[in-house]
Amino acid sequence: MRANYLFTSESVAEGHPDKVCDRISDEIVDLVYREAAKTGVNPWGVRIACETLATTNRVVIAGEVRLPPSLMKKGKDGKDVINPSKFKAAARRAIKDIGYEQDGFHWKKAKIDVLLHSQSADIAQGVDNASDQQGDEGAGDQGIMFGYACKETPDLMPAPIYYSHKILQLLAAARKKGDGDVAKLGPDAKSQVTVRYIDGKPAEVTSIVLSTQHLDESWDSKKVRAVVEPYIREALGDLPIAKDCNWYINPTGKFVIGGPDGDAGLTGRKIIVDTYGGAAPHGGGAFSGKDTTKVDRSAAYAARYLAKNVVAAGLADRCTIQLSYAIGVAQPLSIYVDLHGTGKAVTEDQVEAAIRKNMDLSPTGIRRHLDLNKPIYAKTSAYGHFGRKAGRDGSFSWERTDLVKALKETVKLREAA
């Protein structure tokens with residue numbers, strides 16, 4: 001591992017076209033879980049894989065679902081069909097909350113198509129039949145998932161993505177408060193932060209890139225920088241800005257047309273923004289729009305949870321965990337741990353054994369351990385799924401560090417043996 005280097009990560013705001021789609025898809029996931037709870041339907045039976053496309057005043061919601069009766073209606077032939085009204089309402093609420101009321105993309109005026117259909121019986125049997133045969137649900141798909149944690153920030157996240165997110169979060173909060181010039185910023189924005197590492201630790205910021213939509217057409221780059229710079233400096237906090245730091249604020253000049261009106265959006269196109277900003281591997285699967293039988297989502301959450309607890313336990317300064325699954329098979333095919341040479345008198349083999357002992361990594365085990373059968377996903381759709389604060393509503397449960405004691409004790413027992 002290099003000691004001295006530059007590393008860059010980017011983030012995108014909730015109004016970025018792809019993030020609008022992630023938000024709508026996760027609002028649909030929450031809607032299905034909420035309706036299940038409201039109508040007494042077992043949340044363990046919820047199934048949803050929802051993709052969203054957004055462009056100029058148009059939203060298309062497509063995917064596969066198993067729905068509570070409250071989201072169905074009788075078709076002309078008397079058979080149950082999906083009732084699109086609640087799905088459309090959820091999408092409009094999301095667009096309104098993000099802040100889109102512009103001519104080319106307006107929460108009230110956009111045409112919304114709902115093209116959801118029943119889940120494939122072949123996919124369903126991989127999950128449900130496996131539960132009958134094995135006692136646990138099978139994974140909803142094959143794939144590999146990664147989790148990562150490091151001691152660079154208070155939330156055990158890599159510094160470049162942590163600060164890129166923070167800049168946009170502060171700007172979004174200020175924009176929505178509606179005070180002064182910052183209220184004239186639009187919902188669409190991207191940030192990028194380059195951090196210089198010295199002796200393997202974040203030392204200073206060497207470049208800052210921010211492109212943000214603005215509603216006042218008279219603004220130029222200089223004006224935008226005057227508005228946003230205080231928030232950028234606040235976000236960076238104690239991390240120094242280099243004296244020769246390069247600032248690129250709205251480098252193209254004007255940015256008035258934003259969101260899906262300026263660029264089409266799709267669910268699942270910002271997976272590096274959603275995770276570790278490129279500082280750790282990614283298995284390739286997106287999170288938003290999926291219930292947690294899909295290990296793309298739940299196992300990635302579990303891997304982050306475990307990696308964070310390993311670092312929080314003081315077993316290592318950095319930890320990468322890989323999990324792999326086969327469709328219809330409950331337990332992971334493999335667990336891989338890399339401590340990047342930072343282990344504290346502990347080996348990767350010992351950590352792998354401690355993980356297996358302390359957490360059931362079947363989809364059922366993950367959903368139960370992290371309490372994932374809840375409408376908690378809309379808030380994950382912007383500013384990263386990791387490095388967030390665990391909420392009282394059960395959101396971001398994978399950010400808890402409640403496995404620290406158990407991991408320490410397990411490693412000590414193995415050492416004694």
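Axes here are lines fitted to C-alpha atoms, for helices over the stretch in contact, and angles run from 0 to 180 degrees between N-to-C directions. With that in hand, helix H1 (residues 17–38) and helix H2 pack at an angle of about 130°, their axes being 9 Å apart. Please keep in mind that this is a predicted model.

**The chain as a whole**

- The secondary structure of the chain amounts to ten helices and 15 strands.
- For 417 residues, a compact globule would have a radius of gyration near 22 Å, and the chain agrees because its own value is 22 Å.

**Helices H1 and H2**

- Two packed helices are described by the angle between their axes and the distance between the axes.
- For H1 and H2 the angle is about 130°, and angles over 145 would count as roughly antiparallel while 65 to 115 would count as roughly perpendicular; the two helices are therefore oblique to each other.
- The crossing in which H1 passes H2 is right-handed.
- On the H1 side, the contact is made by Val 20, Arg 23, Ile 24, Glu 27, Ile 28, Leu 31, Val 32 and Glu 35.
- On the H2 side, these residues meet Lys 86, Phe 87, Ala 90, Ala 91, Ala 94, Ile 95, Asp 97 and Ile 98.
- Sorted by class, the contact of H1 with H2 holds eleven nonpolar, five charged and no polar residues.
- H2 (residues 85–98) also lies across strand E3 (58–66) and strand E8, and runs at about 130° to E8.

**The four-stranded sheet**

- Strands E8, E3, E2 and E13 form an open sheet with mixed pairing, in the order E8-E3-E2-E13.
- At the edges are E8 (111–118) and E13 (265–266), each of which pairs on one side only.
- Nine bridges connect E2 and E3 in the antiparallel sense, and Ala 49 has Glu 64 in E3 as its bridge partner.
- E2 and E3 also make a hairpin with two residues between them, and Asn 57 in the turn has a positive phi of about 45°.
- E2 (residues 47–55) pairs with E13 over two bridges, again in the antiparallel sense.
- Within E13, Gly 265 is the bridge partner of Ala 54, while Leu 266 stands opposite Leu 53.

**The three-stranded sheet**

- Another open sheet has three strands in the order E9-E14-E15, and its pairing is antiparallel.
- Its edge strands are E9 (143–150) and E15 (334–338), each pairing on one side only.
- Neighbouring strands of this sheet are turned against each other by 15° on average, direction ignored.
- E9 and E14 (residues 318–325) run antiparallel and are joined by eight bridges.
- Across from Tyr 148 you will find Thr 320 in E14.
- Helix H8 (residues 348–358) lies across E14 and E15, running at about 135° to E15.

Methods
Residues numbered from 1 in each chain as written. Predicted model: local features only at pLDDT ≥ 70, side-chain atom pairs only at ≥ 80, totals over all residues. Heavy atoms only, no water. Pairing = 2+ DSSP bridges. Contact = heavy atoms within 4.5 Å. Parallel < 35°, antiparallel > 145°, perpendicular 65-115°, else oblique. Left-handed = near helix turned anticlockwise from the far one by under 90°. Nonpolar A, V, L, I, M, F, W, Y, C, P; charged D, E, K, R; others polar. Rg over C-alpha atoms; globule rule 2.2 N^0.38 Å.
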